Amino acid sequence: MSEVAHPPESVYNLIPRDEVHTQKPPRYVSKYRPAVVLEKKSSKDAMRTMGPAKVEVPSPDKYLKKHSKEPRLPENTWCSKDGRNCCAVKKPPVPARTDNPPMGFHTKRNFIQTATAVPMKPKPAYVDTSKGHKQPLENSGLVPKYITKKDYGKVPEYLQQRNEEEQQAQDEFNELVKEQRQEGAMKRLSDEERQAVLQGLKKNWDQLHHEYQGLSLVTDTMSKKSHKERLEVAMKQLEKDINLFERFKIIYISNK
């Protein structure tokens, strides 16, 4: 356990000391406190009960009756008396036989013409809902009214122009392909040309063979070896070409 620390013993500790009392600053009080207290007290006093203080109590005789809040039709001005209907506003009396009819009135229709004219046909319409909603049939798109146009069934001008441009481009492409085919076509050699080429190949082979025969027997340098090899390769190629021309009588060559 830890030891409790005691103050050091001294004679001066035996002398009683005066207690020092610290004075606290005065408590803050707002200057608006009286006005706030008065306002709160006045608002609380006005509503101390649940709802208004005085409420008009309904009379027991004026209770809510059945169908009293449903809307009602206006009262009918007609009345029934002895099986006859009467009205508050009286109608003008029936004109007598001797009275002259009023003149100068014009109606919208001439009854004589309407009686002799053909009855009007109803405008065609279509119903688009189950409740009978109608719309004019002309604007529905079901009536083929566009076939009566002058340009019906004709190709528009912009399509004709586009087709002409496409046809022109196609013709140019066909001409280009034809020229390329003609340039890359194979040409057949005639017998005279084949014999002339064959004679030229044999002549070249004779020249290379004569040069090959004139080489020294000892090939002690690299230049002599390479020269001999080139002559042998050229002579072998000429022999293959000569054999080809002699085997085949018909030969085609490209124009390029």
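What follows is a chat about a predicted model of one protein.

Reader: Which elements does the protein have from the N terminus on, and how many helices and strands are there?

Author: Remember that we're looking at a predicted model here. Reading from the N terminus, the order is α-β-β-α-β-β-α-β-α-α-β. That comes to five helices and six strands.

Reader: What percentage of the residues is buried?

Author: The cut-off for buried is under 20% relative accessible area. The protein has 256 residues, and the share of them that is buried is 4%.

Reader: What span should helix α5 have, and how far apart are its end C-alpha atoms?

Author: Helix α5 covers residues 222-247, which is 26 residues. At 1.5 Å a residue, α5 should span 38 Å. The prediction agrees, because the end C-alpha atoms of α5 are 38 Å apart.

Reader: And how far does α4 reach from its first C-alpha to its last?

Author: α4 has 23 residues, with 33 Å expected at 1.5 Å a residue. The model comes close to that, as α4 reaches 32 Å.

Reader: Which residues of α5 are buried, and what do they pack against?

Author: The buried residues of α5 are L231, M235, L238, I242 and F245. As for the spacing, an α-helix has 3.6 residues a turn, so residues three or four places apart point the same way. The element that the buried residues of α5 pack against is α4.

Reader: Which residues of α4 are buried, and what does their cover include?

Author: In α4 the buried residues are R194, L198, L201 and L208. Their cover includes α5.

Reader: How many salt bridges does the structure hold, and which residues form a salt bridge with closest N and O atoms 3.4 Å apart?

Author: The structure holds one salt bridge. With the closest N and O atoms 3.4 Å apart, the partners are E246 and K202.

Reader: What does the pair of E246 and K202 tie together?

Author: E246 and K202 form a salt bridge. E246 lies in helix α5 and K202 in helix α4, so the pair ties together parts that are 44 residues apart in sequence.

Reader: Are E246 and K202 buried, partly exposed or exposed?

Author: Partly exposed runs between the buried limit of 20% and the exposed limit of 50%. E246 has 38% relative accessibility, and K202 has 31%. Because of those values, E246 counts as partly exposed, and K202 also counts as partly exposed.

Reader: Which residues form a nonpolar patch on the surface, and what is their accessible area together?

Author: One member, Y152, lies in the loop between β4 (134-136) and α3 (157-183). The patch is made of Y146, I147 and Y152, and together their accessible area is about 360 Å².

Reader: What is the phi of H67?

Author: H67 lies in the loop between α1 (33-46) and β1 (79-81), and is partly exposed at 47% relative accessible area. Most residues other than glycine have a negative phi. H67 is not a glycine, yet its phi is positive, at about 60°.

Reader: Which residues is P136 in contact with, and what separates its C-alpha from that of Y126?

Author: P136 is found in strand β4. Leaving aside neighbours within four places in sequence, P136 is in contact with P124, A125 and Y126. P136 and Y126 are 10 residues apart along the chain, and their C-alpha atoms are separated by 6.5 Å.

Conventions. Residues are numbered from 1 along each chain as its sequence is written. This is a predicted model: local features need pLDDT of at least 70, side-chain atom pairs count only at pLDDT 80 or more; totals for chains, interfaces and linings use all residues. Side-chain values use heavy atoms; hydrogens and water are left out. Helices (H or I, at least four residues) and strands (E, at least two) are DSSP runs, numbered from the N terminus. The expected span of a helix is 1.5 Å times one less than its number of residues. Buried means under 20% relative accessible area, exposed over 50%, partly exposed in between (1.4 Å probe, protein chains only). Contact means heavy atoms within 4.5 Å. Patches are made of residues with over 30% relative accessible area and no salt bridge: like charges are joined within 9 Å, nonpolar side chains (Val, Leu, Ile, Met, Phe, Trp, Tyr) within 5 Å. Accessible areas come from the Shrake-Rupley method with a 1.4 Å probe; for residues, only the protein chains shown count as cover. A salt bridge is a side-chain nitrogen of Lys or Arg within 4 Å of a carboxyl oxygen of Asp or Glu.
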